[in-house]
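Open the model in your viewer and keep the selection panel at hand.

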Amino acid sequence: MASRRVPATEAQQVGEKREHLYKILVIGELGTGKTSIIKRYVHQFFSQHYRATIGVDFALKVLNWDTNTIIRLQLWDIAGQERFGNMTRVYYKEAVGAFIVFDVTRAATFDAVVKWKQDLDAKVQLPDGSPIPCILLANKCDQQKEGIVNNTTKMDEYCKERGFTAWYETSAKENINIEDAARCLVTKILQNDKLIHNNDAAKDAEKFALDGKAQKEQKNGKSCAC
């Protein structure tokens with residue numbers, strides 16, 4: 001049986017496929033639905049019965065972003081009480097994006113959001129020192145809401161003032177806005193990746209030009225008089 005010859009264009013496309021692995025944090029107070037959001041997003045599954053996460057749990061979501069790009073999201077489900085421990089610096093290390101989750105039925109979980117954001121910004125940054133992109137999830141929106149979350153304008157202002165990329169009302173139970181929120185975060189991460197890559201390329205080009213100039217001057221008998 002004759003073997004199929006792969007056309008050059010097809011082989012080239014296979015060879016050019018880019019893969020990214022991104023670490024994403026999912027943080028917030030105990031019982032806000034972080035595990036439920038991850039289970040819904042990764043496995044399209046929801047249960048009313050989850051035991052509280054102890055320490056940290058992991059999940060992997062693979063996205064065929066476009067014809068040339070595969071993205072693997074490593075989702076870190078961090079226990080609600082961990083902000084009070086010393087391990088978050090280790091958990092946050094090398095993360096490039098985050099979700100902070102609060103429960104719309106419990107205003108106290110929203111009050112804690114600012115502390116989670118401050119802790120996040122203090123412990124992990126992008127290579128240029130800026131905060132990693134973070135999206136606020138107002139979870140359990142299928143239930144009666146308490147507090148500021150009832151006012152969209154105030155929520156917009158709150159998120160702008162505190163440096164959130166965006167905010168979404170979500171429901172793991174009803175599968176509301178979870179895919180949209182994740183797509184928004186990944187889009188922002190890719191934009192940051194491109195900026196960092198372009199900056200690195202510009203620095204490399206500048207260094208190459210300076211090195212070439214120095215070598216040329218050395219060859220011509222010039223030297224730096226310090």
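Start by selecting N177, which sits in the loop between β6 (166-170) and α7 (178-219). Helices here are DSSP runs of H or I with at least four residues, strands are runs of E with at least two, and both are numbered from the N terminus. This is a predicted model, in which local features need pLDDT of at least 70 and side-chain atom pairs count only at pLDDT 80 or more, while totals for chains, interfaces and linings use all residues. Residues are numbered from 1 along each chain as its sequence is written, and side-chain values use heavy atoms, with hydrogens and water left out.

N177 is not a glycine, yet its phi is positive, about 65°. With 29% relative accessibility, N177 counts as partly exposed (buried is under 20% relative accessible area, exposed over 50%, partly exposed in between, with a 1.4 Å probe and protein chains only).

Next, select Q44, in the loop between α2 (34-43) and β2 (56-66). Q44 is also a residue other than glycine with a positive phi, near 55°. Its relative accessibility is 41%, so Q44 counts as partly exposed.

Now select V26, I37, I38, Y41, L75, F99, L137, I178, A181 and A182, which line the largest cavity. A cavity is a set of points on a 1 Å grid over the protein atoms alone where a 1.4 Å probe fits but cannot get out, and lining residues have an atom within 4 Å of a point. The volume of the largest cavity, about 70 Å³, is the space filled by probe spheres set on the points, which are joined across faces, edges and corners. Colour α2 and α7: each supplies at least two lining residues.

Methods. On a 1 Å grid over the protein atoms alone, a cavity is a set of points where a 1.4 Å probe fits but cannot get out, and a pocket is an open set with protein on both sides within 12 Å along at least five of seven lines; lining residues have an atom within 4 Å of a point.
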